[in-house]
Amino acid sequence: MQTVITPIFPDISTREHTPSADRFDQSWRTSLSTLLGWGRAAGADFVEFFLERVNYINCLAEEDTITSISPRLSTGAGVRVFKGLSDCYVSTNDLSFHGLKTALEKGLSIMGLHLPRQSTIVPEINLEPLRDYAALKGKESWLANCSDMREMGEILLGGTAQINRQASHIQSRRATYFRDWQEVLVASSEGTFARDMRLTQTIACQLLCADGAYRTSIGKRQGNTGDPNFLRSWDAAAAAAELAESAGKMLYADYVESGNYPIIMANEFGGVIFHEACGHLLETTQVEQKTTPFLGKKGEKIAHENLTAWDEGLSANAFGTIDMDDEGMPVQRTLLIENGILKNFLADRTGSLRTGHPRTGSGRRQNYTFPAASRMRNTYIAAGDYTTEDLFASVDKGIYCKKMGGGSVGPTGEFNFGVDEAYLIENGKITKPLKGATLIGEAKEIMNKISMSSQDLSLAPGFCGSVSGSIYVTVGQPHIKVDSITVGGR
């Protein structure tokens with residue numbers, strides 16, 4: 001008896017599929033498994049598709065007027081092709097079968113590969129049953145339940161009105177809100193087939209005050225993932241009161257004197273320094289480039305023994321929380337540093353392939369035009385055993401950095417950060433307000449000087465830019481004491 005083998009690749013020029021145009025669901029299985037099979041038959045070691053739909057809107061209130069409403073809708077996909085340790089990435093906004101096939105063909109050609117001939121037996125890619133976090137966690141109604149444009153405007157104008165009532169010497173006042181809704185689908189030649197929805201929102205206020213030659217600018221941002229009622233529950237009066245109090249103290253503050261000081265750094269956004277000066281250096285993108293001072297230091301002491309730090313995507317409603325990363329890997333909690341000892345790096349697929357560090361569910365990207373890379377999620381210094389009173393009592397003369405501002409970090413961890421709100425500490429007590437402070441240091445040195453952490457861990461939303469674009473992250477820490485740091489001033 002003669003066995004006849006029928007090719008699984010009968011006509012590449014006319015093969016067509018029609019999955020759902022309104023959502024990423026089970027109907028996409030056939031077309032994606034077919035394309036993944038073709039990629040593997042062409043000689044690729046690994047192929048991945050990332051599909052995305054976005055519904056975004058931004059609303060800005062200045063003084064008592066809505067000055068900008070900016071909506072954006074986008075749909076697209078990216079295909080990544082690996083051969084050995086090399087890879088390439090191609091994106092398209094054409095989600096038809098032909099459009100995805102063209103993107104795949106382009107990616108293969110960059111790697112020196114080509115779609116197989118019609119007579120080639122194509123391996124079947126058995127995708128897992130659709131892992132649908134949107135359906136499992138009740139996310140399907142999120143977008144419909146968010147505030148509409150009229151409500152956005154009313155709430156923001158209520159915020160600027162509250163600032164006007166509570167602050168003095170106002171030169172300008174602003175409130176801005178955005179909502180970013182995203183649906184994603186990941187399918188890979190290893191069998192990954194996973195869908196998720198993300199809802200990220202933030203509201204921010206900015207107050208500029210002036211009195212003659214005196215000026216100060218203070219901002220406040222709050223962020224959330226996964227709560228359609230986030231904007232409705234915003235406490236505009238409390239936010240305005242906080243801004244007004246800070247601005248009132250900082251407007252006439254003395255300038256700080258340059259020098260080396262012990263500092264107490266506040267919780268919440270104070271964690272931006274750990275994020276920038278250390279967190280980025282623990283991403284495998286830095287390990288690949290050999291630009292991190294922590295290269296080869298896993299298992300060694302890189303920080304003070306009182307410092308423990310985490311990166312995770314699990315904290316409820318935090319700005320960097322996700323159910324799966326952009327490579328379809330379920331979220332997890334990653335211990336970065338334990339009692340000063342480096343425990344783990346953050347790795348995506350590429351980083352793991354090229355460095356040997358295990359994947360940590362950290363493959364993230366701004367949108368479908370970027371390949372995923374190892375990125376932070378919710379990154380923070382863990383709560384310690386001290387009270388905030390213990391920290392202040394340990395300082396004879398130093399500086400309390402209550403609100404951090406912007407700054408910059410070099411590729412190997414050198415940093416400088418402005419402080420928007422600072423106070424002098426004398427004999428363990430907060431005394432007069434100070435302005436103009438800039439913190440200057442180097443990651444591998446500052447980590448060993450964070451000698452005390454209080455019990456009041458708190459998180460704050462942020463934005464992080466790197467090789468895979470700008471993403472939503474959380475920074476955080478309890479109040480911490482840095483034994484000595486260079487403070488620039490006048």
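**Close-up views of a predicted model**

**View 1. Surroundings of T65.** Not counting residues up to four places away in sequence, T65 touches L60 and L157, where contact means heavy atoms within 4.5 Å. The model is predicted, so that local features need pLDDT of at least 70 and side-chain atom pairs count only at pLDDT 80 or more, while totals for chains, interfaces and linings use all residues. Residues are numbered from 1 along each chain as its sequence is written, and side-chain values use heavy atoms, with hydrogens and water left out. T65 is found in strand β2; helices (H or I, at least four residues) and strands (E, at least two) are DSSP runs, numbered from the N terminus. With a relative accessible area of 44%, T65 is partly exposed, a class that lies between buried (under 20% relative accessible area) and exposed (over 50%), for a 1.4 Å probe and protein chains only. T160 is 95 residues from T65 along the chain, and the C-alpha atoms of the two are separated by 9.2 Å.

**View 2. Helix α2 and the elements that it packs against.** Helix α2 (residues 97-110) has 14 residues and reaches 20 Å from its first C-alpha to its last, close to the 20 Å expected at 1.5 Å a residue, the expected span being 1.5 Å times one less than the number of residues. Among the buried residues of α2 are F97, L100, A103, L104 and L108. The buried residues of this helix pack against α1 (29-41), β1 (46-62), β2 (65-83) and β3 (86-92). Just after α2, G112 takes a positive phi of about 80°.

View 3. A nonpolar core is a set of buried Ala, Val, Leu, Ile, Met, Phe, Trp, Tyr and Cys residues joined through side-chain atoms within 4.5 Å. Of the 43 residues in the largest such core, I263, I273, I337, I399, M404, L439 and V487 touch the most other members. Two or more residues of this core come from each of β9 (259-265), α7, β11 (333-338), β16, β17, α11 (443-446) and β23 (480-488), and β17 gives the largest share, five residues. Leaving aside neighbours within four places in sequence, I399 is in contact with V256, Y261, P262, I263, I264, A422, Y423, I425, L434 and V487. A second, separate core of 31 residues includes F24, A103, L115 and L127.

**View 4. The largest pocket.** The largest pocket has a volume of about 990 Å³. Of the 41 residues that line the largest pocket, K220, R221, F269, A460 and P461 are the closest to its centre. On a 1 Å grid over the protein atoms alone, a pocket is an open set of points with protein on both sides within 12 Å along at least five of seven lines, a cavity is a set where a 1.4 Å probe fits but cannot get out, and lining residues have an atom within 4 Å of a point. Grid points are joined across faces, edges and corners, and a volume is the space filled by probe spheres set on the points. β16 gives the most to the lining of the largest pocket, with seven residues. This lining divides into 17 nonpolar, 15 polar and nine charged residues, where Ala, Val, Leu, Ile, Met, Phe, Trp, Tyr, Cys and Pro count as nonpolar, Asp, Glu, Lys and Arg as charged, and the others, Gly among them, as polar.

**View 5. The second largest pocket.** About 680 Å³ of space lies in the second largest pocket. Of the 40 residues that line the second largest pocket, Q182, R198, L199, T200 and Y472 are the closest to its centre. β6 provides the largest share of this lining, five residues, and the lining as a whole divides into 16 nonpolar, twelve polar and twelve charged residues.

**View 6. The largest cavity.** A search of the whole structure finds one cavity of 30 Å³ or more, and the largest cavity has a volume of about 50 Å³. The residues that line the largest cavity include M265, I273, F274, Q477 and V482. The largest share of this lining, three residues, comes from β23; by class, the lining has ten nonpolar, one polar and no charged residues.

**View 7. Two asparagines with positive phi.** N317, found in the loop between β10 (309-312) and β11, has a positive phi of about 70° although it is not a glycine. N339, in the loop between β11 and β12 (341-342), has a positive phi near 50°.
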